[in-house]
Amino acid sequence: MGMDSGMMERHRASIPEAYAGLNSPVPAEEESINRGGDLYTTHCASCHGDGGMGDGPAGQSLNPPAAPIAHTSQMLGDDYLFWRISEGGAPFGSAMPPWAGTLSEENIWDIINYVRALGRGQEQPRGGMGATNDPAAQATQQADMLAQAVSQGVITQEEADTFSLVHTALDDYLTTNPGTGNAQERQTTGLAALVSAGTITQSQADTFLNVHDRLLEAGLMH
Ligand code: HEC
């Protein structure tokens, strides 16, 4: 699963005023998730794949490719997702279609509820097409990347350990506390919440951000 380099920029884009701060008014209950699953299968799976990992038959050859939304929706705010689904890829020159005229607002929230449930492993893909979100495989991939960074002298083993610890806590927090904001804003909010809950220290949060930047600079992380 490749994260295209433009994805990081889209994940840091500022959310237009008309959307920024929107919280989902539709609770992630069974009825909504089921409606979302039907709509997702009809409108989204061809590009994003049944498991939501961006590997649908029509999505793979696109440039940029369809996003692995079962995974990324865990890190992105309600407002970001609602904006991107409503308006599509026009601001970024991508093939993501706008859905605002086709789907009701409620139905867009239903789909968001479904995609997040899919990414958590709470829902199973409806068809047989493609990969599912696999946090264990992502953790292995990250451990390999950190080992490489240590062996190249980009970071110390101690920094790698702190990075892993904070990363795991942050993923847990973001997955279980959907909120608003783009990926960067959600990260800032998540770290602050973890520090104030005493789950991590401020110094661990600082190390995480510092290591994050150095991994990016070294081209080891997307
Ligand atoms: C024609 C192919 C295609 C279809 C159909 C499609 N998408 Fe996309 N989608 C893309 C591409 C390509 C991207 C990546 C570029 C971008 O973010 O604009 C994307 C990106 C996204 C993103 C942003 C994810 C992120 O991590 O930033 C979301 C959310 C999304 N799609 C949801 C949906 C939903 C929901 C549907 C169905 C209602 C849908 N897409 C249908 C091609 C498609």
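**Entry 1: Pro64.** I looked up Pro64 and placed it in the loop between helix 3 and helix 4 (69–72); helices here are DSSP runs (H or I, at least four residues), numbered from the N terminus. A cis peptide bond joins Asn63 and Pro64, with omega at about 0 degrees. I note that most peptide bonds are trans.

**Entry 2: basis of the values.** I am working on a predicted model, in which local features need pLDDT of at least 70, side-chain atom pairs count only at pLDDT 80 or more, and totals for chains, interfaces and linings use all residues. Residues are numbered from 1 along each chain as its sequence is written, and side-chain values use heavy atoms, with hydrogens and water left out.

**Entry 3: the iron site.** I asked which protein residues are donors of the iron atom of the ligand. They are His48 (NE2) and Met96 (SD), lying 2.0 to 2.1 Å from the iron atom. Donors are N, O and S atoms within 2.8 Å of the metal (3.2 Å for Na, K and Ca); water is not among the atoms, so sites may look incomplete. His48 belongs to helix 3 (residues 45–48), whereas Met96 is in the loop between helix 5 (78–87) and helix 6 (105–119), so that the pair links distant parts of the chain, 48 residues apart. The site has six donor atoms with angles of 87 to 179 degrees among them and is octahedral. Six donors count as octahedral if opposite donors are over 155 degrees apart and all others between 65 and 115. I recorded His48 as buried, at a relative accessible area of 10%, and Met96 as partly exposed, at 23%. Buried means under 20% relative accessible area, exposed over 50%, and partly exposed in between (1.4 Å probe, protein chains only).

Entry 4: Among the buried residues are Asp79, Tyr80, Phe82, Trp83 and Arg84. Arg84 lies over the face of Trp83, at 5.8 Å from the ring centre; the criterion is NZ of Lys or CZ of Arg within 6 Å of the ring centre and within 35 degrees of the ring normal. Just after helix 5, Gly88 takes a positive phi of about 70 degrees. Helix 6 is mostly covered, with 13 of its 15 residues buried. Just after helix 6, Gly121 takes a positive phi of about 80 degrees.

**Entry 5: Gly181.** I located Gly181 in the loop between helix 8 (157–176) and helix 9 (183–196). Gly181 is buried, with a relative accessible area of 4%. Beyond its neighbours within four places in sequence, Gly181 is in contact (heavy atoms within 4.5 Å) with residues including Ile15, Asp79 and Tyr80. Gly181 and Met75 are 106 residues apart in sequence and 9.4 Å apart in space, C-alpha to C-alpha.

**Entry 6: aromatic pairs.** How many aromatic pairs does a search of the whole structure find? The search finds six. Rings of Phe, Tyr and Trp (its six-membered ring) pair if their centres lie within 6.5 Å; planes under 30 degrees apart count as stacked, over 60 as edge-to-face and the rest as tilted. Phe163 in helix 8 and Phe208 in helix 10 (residues 202–217) are 45 residues apart. Phe163 is buried at a relative accessible area of 0%, and Phe208 is buried at 1%. Tyr19, Phe82 and Trp109 form one aromatic cluster.

Key
Tetrahedral: all angles 85-135°; square planar, octahedral: opposite > 155°, others 65-115°. Helix = DSSP H or I, 4+ residues; strand = E, 2+ residues; numbered from the N terminus.
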